[in-house]
Amino acid sequence: MGVKGWLLDAYPLKEGKVVVWVKTKSGAVRLEDEFHPKLYIAGPLDKLRKLRGVLEASESVHSFRWAEKYVNPGDLEKRRVIEVELTDVARAPHFARKIVRLGGYRDFEVYNVDVPAEERYLYEAGLYPTALIHAEQTSRGLMLSLAEDPRQLDYKLPPFKRVLIEVEADGRMTPSTKLRKLTIRTRRDCFELVGCESEILTQASRLIEDLDPDLVFTKGGDSTVLQYLAYRAASAGVREEFYLSRDKEVLRLTRKRGRVVYSYGRAYYVVPAYRLFGRIHLDMNNSFILAQSGYHGLVEVARACRMDLHRAARAGIGTIMSSAQFYEAIKSHMLIPWRKTQYEDFKDALSLLEADRGGLVLEPEVGLHFDVWELDFSSMYPMIMLRYNISAETINCQCCPESSIKAPELGYRVCTKKKGLIPRVLEGLIARRLALKNLAKRVKETRERRVYERRQAALKWILVSCFGYLGYKNAKFGRVEAHQAVCAYARELLIRALELAREAGFEVIHAIVDSLWVNKPGATREEVEELAEAIQKATGIPVSVEGRYRWISFAPAKTRPGPALSRYFGLFEDGELKV
């Protein structure tokens, strides 16, 4: 007898097992499946054959066999590699280091090592979070299959139950401060638990078990709340009785530390995640996607990029984008590098100066301007990457030495024989976002329109990041030359847009990367839309009319003479102020 429901959670157990939680109309069902994560060893065939004895004797290896894979992203033909199934996902880094060491750090490369276990399982099963699935336990193991079309846009959110947990302490929330009150809120009810700590905590566990939520929301659960509750449970002597997970896993003290990341010259502290099992813990203070696009946006990116809800809520945009790339790579039989080996090509000083220039910006005249129209390229950089086939492996590829398609100014050759990994990923995301935007315009109901807006906005953040991530040094499928090629195309397209605007009798007031502000006395919206259509036809990139400003002011820079290039404020004709 099979089970039909929505995929809620999946996580590995030790020694080749994974737990899958399926939400049905009558409750959540716990299933187990055999799961041995795969990694791949590439190298000279004669030396790979000598590894047989090592693999047979290794406690980390469940099984191994020969396989045909694209080892490097730009390969036109598959190569023979060894596919290894591990006994346990936790053994992957240790095993990979051992193989690399056996090859003297030169003979062997190991792939698909650091792909998170949850995502590995989803990729190989062809599933994604919140998918409607059919599960059946057979003699061959757990058989999972989709019961919906992954391309559908009008999917309904699963009937997941939600609670919000709030905590009050006798003062500042430290390990030694006593717990005063624990509040559990549902959509309809509010339960306030008070009394001695042991009673509060054990009552909370029983109440969570009775309410049986699928999503547990907190405000600061990763940074303080859950760690604090774990400390107080241990102090009150009810450590084994206090749990929030569906499988009654005890809420444990964690020694994980946060980390500091640097982005655009600023330092950010990233707190460690606190995971529940069988329920999804969502910390509203530690989720960029949740803050920007709400729960609907979170579900959309988790589905589109094949990342479990727990990680998608906390991951950076680049990490979410990487998940989409990993899924496409595995689906295309392409290996995922463990340690990136593709480095920037050598350039002399003049070549570096020409290549490393970013987007085009025109300086506006400081002060007030009246009757100004703003035109924006829609998803300019992702569209360039898609339209011109820009990816790490398509720039200066070995298969097209005579390619006639070259990046403007730089002369980088672009592959003509195969579509790159990045354009393949972007194609689906861009099409999905445009379709959601169109749905948002067509629906009449305000709530439904807001849902579509949140979903498309979440995908916009992924698309915005794909360009920057292309040049990130640690991106598995990134490369600086591809990043520079996109900038070169962007400069050329904006120059073409400026020329068309001037030919149509418009004065260009300002232009910055993918937007331009133009003025023409007495210009009508029809004329401006004709200009947008002409630019779109000439560049192949969608262009929208953002609106007409009654007035707009470009601010002066504080640190140098002239304007601050990206600082302005203006009043649209409908009364909206843009700053």
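I began with the second largest cavity, whose lining consists of S378, S379, M383, I430, R433, L434, L463 and P542. A cavity here is a set of points on a 1 Å grid over the protein atoms alone where a 1.4 Å probe fits but cannot get out, and lining residues have an atom within 4 Å of a point. The model is predicted, so to speak of local features I need pLDDT of at least 70, and side-chain atom pairs count only at pLDDT 80 or more, while totals for chains, interfaces and linings use all residues. Residues are numbered from 1 along each chain as its sequence is written, and side-chain values use heavy atoms, with hydrogens and water left out.

**Cavities**

The space in the second largest cavity comes to about 40 Å³; a volume is the space filled by probe spheres set on the points, which are joined across faces, edges and corners. Helix α12 gives the most to this lining, three residues. Helices (H or I, at least four residues) and strands (E, at least two) are DSSP runs, numbered from the N terminus. I sorted the lining by class and got five nonpolar, two polar and one charged. Ala, Val, Leu, Ile, Met, Phe, Trp, Tyr, Cys and Pro count as nonpolar, Asp, Glu, Lys and Arg as charged, and the others, Gly among them, as polar.

How many cavities of 30 Å³ or more are there in the whole structure? The search finds three. The largest cavity holds about 60 Å³, and its lining includes L7, L8, E118, Y128 and D308. Elements β1 (3-13) and α4 (117-125) each give two or more residues to that lining, with β1 giving the most, four. Its classes are seven nonpolar, no polar and three charged residues.

**Second largest pocket**

Next I looked at the second largest pocket, of about 1200 Å³. A pocket is an open set of points with protein on both sides within 12 Å along at least five of seven lines. Of its 33 lining residues, D376, F377, S379, K460 and D514 are the closest to the centre. Elements that give two or more residues to the lining include β18 (367-377), α12 (421-442) and α13 (446-470). By class I noted 15 nonpolar, eight polar and 10 charged residues.

**Cores**

The largest nonpolar core has 98 residues, and those with the most contacts inside it are L375, I384, M385, I390 and L516. Such a core is a set of buried Ala, Val, Leu, Ile, Met, Phe, Trp, Tyr and Cys residues joined through side-chain atoms within 4.5 Å. Helix α14 (residues 480-503) gives the most to this core, 13 residues. Another core lies apart from it, with 26 residues, among them A204, V225, L229 and Y274.

Is D222 buried or exposed? D222 counts as buried because its relative accessibility is 4%; buried means under 20% relative accessible area, exposed over 50%, partly exposed in between (1.4 Å probe, protein chains only). D222 sits in helix α6 (residues 221-235), and its side chain makes a polar contact with the side chain of N286 at 2.8 Å. A polar contact is a pair of N or O atoms within 3.5 Å; within protein, one must be able to donate a hydrogen and the other to accept it, and residues adjacent in sequence count only if both atoms are side-chain atoms.

E197 belongs to helix α5 (residues 197-211) and counts as buried at 10% relative accessibility.
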